[in-house]
Amino acid sequence: MQAHIPTPKLRIKAKKLYDNNVEETFTTDNILEYSKIEDVSPPSGELAASYVSLNEQQILNHENTDNYQFPYISRPLLDNVEEVLINDDESLANDEPLFDTIDEVLLDDYESNVSDIEEGLDNSVLEEGSFDFEGFSGEYGPYFPNFTSSMIFIWITKHMISTSAYEDLTKILTHPKFRKEDIITNIRQIRKWRNRLPLAKVNEHSVPLSKYRTPSTYESTKKAFTISPLIHLERILNNPILMPKMYFGPGVVTDEKQEFWHGELWQDSLMFGEHKIKKDNEDNRHTRGNGNELWLVEGKTNLVNPENIAQRIIVWMCDMPEPEVYDFYIKEIIYRFNNRWKFRDITMRHQLPCEYITLTPPPQHLPVLKIFLDIYVDDFGTYRNVYHSLGGVYLQLGNMPLNLRKQLKNHFLIGFVPFGAKFNDFIEPVLQDIKRLEKGLIMQTLNGNAFVIGSIGCVTADLPQGNDIADVKRHNAKYGCRSCNVPNDQYTNIDYNYIKNARFHQQTEKQFIEIKSQHSKIDRERLATKYGLLIEPGPFKMLKWDRHLQIPQDPYHSMAGKARTLLEGTFNIFNTNGENAFIEYWKNIEKPSHWYRMPNPVRYRQSFMFSDVLRLTMLMPFVLRRFLKPYHIKKEVLNNWNMEQNIKQNSAVLKLCTCWAIEAKVLKLAFSNTMTESVYQELQELLKREYEILIQHARNFATLLNTAVGVKEMVHRIFKNMVPHMNCKVIELDLTKRYNTLQALRHLIDGWTDPRFSTRTNALNNINTDPILRTIFSGWYATESLSITINNQKNVEDERDDSITVCHDENFIDISFSNKWNNKKVRSMGLSKKLDADHPFFRDLYEAYTGFLDSKATLLNKNLEFYGSITYTVIKSNQDNIQIKLRVGDVVELCEETEGIAYAKIASIFRHQANNGKYYAFFSFNWFQATNTFDPVLECPLYNIQKPEESRWFQIFPINFINHIPYVHFVHNCTNICNVEHDETNRGYILNKF
């Protein structure tokens, strides 16, 4: 693999202004008009005969009789009419009408209502049988050219084969290695080949079912199926794609935090880090003393160089057993709450993992690998119309970097909790295996034998399930928070001291002992209610972990739920005019092109997914700022605000827009890929104390994104899409088997060595070197982000058609276009498919060839092809491949020499055939110019977009200037002149920083 060539920086050169000449457009419509049926004279006597003769003459004079189709009357109907006219002489002689009574009634109704229909309906023809085509001459003509084509068409129609599935099939059938004689006609024989794969061992055990949650036909127990985390771990440690990218070192203290090992939990715990912390800066924990007494100050953790240590001292933490000799002691903790310093007893602290965790000494001759297990638990509905939920339990390894953890194939299935079963009964055998891992195991890895040790790093679940796992009562109980002892009537009290009243693992353990010591069930329940705990702890008690630190509140549901509440409150204060205005402006506001269409947020917001709520939050400040006026808000709401909070009508709109701007900024910070100390402080300030608890979770796990379940919930969709293809007898087993097959193929393709046949090589692990089959695997979540071999790509390009599009940078491959523009579209954009040597477009293209493609020859080919979108793949060394899809109108960010980061809107996408005969792809940009000012309400920077007549900057660049997926969004800075449509003379735009 060749190293990726960095994206070249732009050189913006001055140019002369030019006149933009737009060619006139014209269209030619071939429209055949036919008289309506009621205009045909009644077929009686000679008129009827002449009617028949006319149609016969039309048929005889038509050059292609077989392909001719009548617009109103089909051939069988004409045949019947001719039969009546020829054989029914008596009817014709008596001048009786040809049509029966029913036909007369229908015609009368048609004639009487035709004017109403024409006035009330736009009754245009959407689809009809075409007769303007050249028929095929074979035995399957005129519709199909041959047997193969006709059968494939029928097969696609019968089984509703998708475009991507058919393209995959054609790649297999046309591959040079495909052999017709190798086809197996019996699919059952093919399915038996599954048993040859290196399938993971699936264990089963019986779990009791609740009679209150299951139908009467269910038995009292059911089989549950699990895949041990140790099986997944062993395969991952031998996977040549995953193992080299995993981290097994000590905790890293860094200013920019992104990975789990940047968090405090990894740094403090012996289970994941080492006995020391990797030093990245200098300082130590702040303490303050007087005599022999010290106070522990909570704040930023700092480190000190070992050479700066003068001597070793012994400090007794008074909540621990008193040592025989010590120099200082600590009884109290100093912490800051509500901008004031406060004290609390030393017993009210989270113990360091080294205080309750002891490790088995590893063998001296083996390397030690410490594993961070991240378990996710959530229920999902299996069927669409029948309530039958399954509890999905998945595993991730925190040792993988974030880019690997975001891939769906790296969410490893442990099993499904059967419908009606309890999670604790299901998970117990899995926890037994994790208990073995805590003691340490010798495993064969890609680099030889190693001593592997690890445990639960964090468990992520929704609010009720998370409380169950933490052994805390549900959230509707009096003390139903798993992080602190806040009463349910104080949830909204921003002055409640959640730090002083936090839950601590060692205290909870003592409370469980106290509950268990009660003699009667009533006393145990009373005491459990007092502490807000379950009567007895669950199976996780066997592990070495802290239930209150390692089951964080899910930031995805917490933050999105807060946004949904704010969204509901906002729409409830709108009057009818406000709702209508919101819908009108919501439909027309600029949205990122890759967003799917969302339903009406006013009417259908209750059905919004959390991802929809987060996207809507990103645009709400701009929508409100664009349309909201005091008369859009209910009068009683305005009066109430004025009386209770002294908010005037004009300031009410400003405060609401500001509120949404803050909310959007909070969500932007909360789900940042990286966090720094300044981000922690800014987020803490914005969250206003009631959400400060999330800050500690961010510090423990480096970022809130590491414990968010946005990507993890997408795994549910994979299994829900599998359900229609299962026999649904034992759905848990069917889904587990399907997943097992996918992971077996995935590991083989990654290059994993099957221990059963360790001496044999398999061509599957070289399949990523075949560029013909690359798209089959790149579009599949189980094999996404395969590495690509460029040398083979070049050979295939030489064998393909000359019309293939290439890039001068060989790291840009698989270039394809869609939505080709016709002449009318091209002219409407002020462009031409023919290059004009006097036009600035020609000069820009020539400069692009000269400056970036190193081609200074005169452009011989004058033809251009314009498209609405382009897709290509970027190869980066030691990183995952990036698949990029861009559309006309998308805004991109580029590196520019003077401004650093420059923004531009894609004005057109086109390709041109160079003098060497190859096609190259280009972008044409309209540039945004920074004004160095900010919107006073949204606090977002303001820009001006380049005018059509301006040509101070070059606009045409090859596609290698965009080597990453753009995440930038601009919104038009509307003024009073703008209504639903923008004022084109207003060139102002706002950069959406949310």
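**Rings, a helix and confidence in a predicted chain**

Biologist: Which residue lies over the face of Trp 821?

Modeller: That is Lys 825, at 5.4 Å from the ring centre. A charge sits over a ring if NZ of Lys or CZ of Arg is within 6 Å of the ring centre and within 35 degrees of the ring normal. Arg 911 has its charged end over the ring of Tyr 919, 3.9 Å from the centre.

Biologist: How many aromatic pairs does the structure hold?

Modeller: There are 41 aromatic pairs. One of them is Tyr 218 with Phe 419, edge-to-face, at 6.4 Å centre to centre and 85° between the planes.

Biologist: Where do Tyr 218 and Phe 419 lie?

Modeller: Tyr 218 is in the loop between strands E1 (202–208) and E2 (221–227), and Phe 419 is in the loop between strand E10 (412–417) and helix H11 (423–439), so the pair ties together parts 201 residues apart in sequence. Helices (H or I, at least four residues) and strands (E, at least two) are DSSP runs, numbered from the N terminus.

Biologist: And is Phe 419 buried or exposed?

Modeller: Phe 419 is buried, at 4% relative accessible area, while Tyr 218 is partly exposed at 29%. Buried means under 20% relative accessible area, exposed over 50%, partly exposed in between (1.4 Å probe, protein chains only).

Biologist: New topic: what span should helix H5 have?

Modeller: Its 13 residues (147–159) should span 18 Å at 1.5 Å a residue, and the end C-alpha atoms are 18 Å apart, which agrees. The expected span is 1.5 Å times one less than the number of residues. After H5 comes Met 160, with a positive phi near 50°.

Biologist: What is the mean pLDDT of the chain?

Modeller: The mean is 76, and 76% of the residues reach 70 or more; pLDDT is the predictor's confidence in each residue, from 0 to 100. Over residues 1–7 the pLDDT is below 50.

Conventions. Residues numbered from 1 in each chain as written. Predicted model: local features only at pLDDT ≥ 70, side-chain atom pairs only at ≥ 80, totals over all residues. Heavy atoms only, no water. Contact = heavy atoms within 4.5 Å. Phe/Tyr/Trp six-rings, centres within 6.5 Å; stacked < 30°, edge-to-face > 60°.
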